[in-house]
Amino acid sequence: QVQLVESGGGLVQPGGSLRLSCAASGSIFSIPVMGWYRQAPGKSRELVATITSGGSANYADSVKGRFTISRDGAKNMVYLQMNSLKPEDTAVYYCNARLGWAVYSPECWGQGTQTTVSS
């Protein structure tokens with residue numbers, strides 16, 4: 001198991017940018033998939049982006065071209081750079097670690113960080 005702590009959320013105007021950070025309590029080198037999910041009020045949690053240990057990234061259609069996920073194995077950090085933010089990006093953003101390659105592998109979650117996009 002690994003502990004995950006998110007930071008970097010806040011209030012930003014439409015069109016603005018934020019960078020979310022996820023600090024892991026241990027090495028992430030061997031963790032196959034790290035990702036970011038979000039949950040808006042009244043909605044289910046949804047995938048935002050994932051990145052494999054080899055650096056392959058995958059994005060939800062709604063954030064492609066605006067968000068960039070990255071991971072730094074040396075620092076045990078995962079980042080989500082969010083640009084051109086829209087009000088519909090408002091949500092609690094969660095960091096996720098999938099501990100195996102199978103879809104139903106054990107997972108770890110952070111506590112979430114609120115991002116609000118509003119003028």
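Student: Is Cys 108 buried or exposed, and how should I read such a label?

Tutor: Cys 108 has a relative accessibility of 4% and therefore counts as buried, where buried means under 20% relative accessible area, exposed over 50% and partly exposed in between, with a 1.4 Å probe and protein chains only. Bear in mind that this is a predicted model, in which local features need pLDDT of at least 70 and side-chain atom pairs count only at pLDDT 80 or more, while totals for chains, interfaces and linings use all residues. Residues are numbered from 1 along each chain as its sequence is written, and side-chain values use heavy atoms, with hydrogens and water left out.

Student: How many disulfides does a search of the whole structure find, and which residues does a disulfide join?

Tutor: The criterion is a pair of cysteine sulfur atoms within 2.5 Å, and the search of the whole structure finds 1 disulfide. Cys 22 and Cys 95 are the partners, with an S to S distance of 2.1 Å. The torsion about their S-S bond is about -85 degrees, so the disulfide is left-handed. Because Cys 22 belongs to strand E3 and Cys 95 to strand E9, the pair ties together parts that are 73 residues apart in sequence; strands here are DSSP runs of at least two residues (helices, H or I, need at least four), numbered from the N terminus. Cys 22 and Cys 95 are both buried. Cys 108, by contrast, is in no disulfide, and the nearest cysteine sulfur, that of Cys 95, is 9.7 Å away.

Student: What does Asn 96 touch, and where does Asn 96 lie?

Tutor: Asn 96 lies in strand E9, which covers residues 91-98, and is buried, with a relative accessible area of 2%. Contact means heavy atoms within 4.5 Å, and, not counting residues up to four places away in sequence, Asn 96 touches Leu 4, Val 33, Met 34, Gly 35, Tyr 37, Glu 107, Cys 108 and Trp 109. With Glu 107 there is also a side-chain polar contact of 3.3 Å, that is, a pair of N or O atoms within 3.5 Å in which, within protein, one must be able to donate a hydrogen and the other to accept it, residues adjacent in sequence counting only if both atoms are side-chain atoms.

Student: Which backbone oxygen does the side chain of Ser 105 reach at 2.7 Å?

Tutor: That oxygen belongs to Ala 102, and a polar atom of the Ser 105 side chain also lies 3.5 Å from the backbone oxygen of Gly 100. Ser 105 sits in the loop between E9 and strand E10 (107-109), and counts as buried at 13% relative accessibility.

Student: How do strands make a sheet, and in what order do the strands of the open sheet run?

Tutor: Strands of a sheet pair through backbone hydrogen bonds, either parallel or antiparallel. Here 4 strands form an open sheet in the order E1-E3-E8-E7, with antiparallel pairing; two strands pair if DSSP finds at least two bridges between them. Strand E1 (4-7) and E7 are the edge strands, each pairing on one side only. E7 and E8 are joined by 6 bridges, and Thr 68 stands opposite Gln 81 in E8. Leu 80 has contacts beyond its neighbours within four places in sequence, including Trp 36, Phe 67, Thr 68, Ile 69 and Tyr 93.
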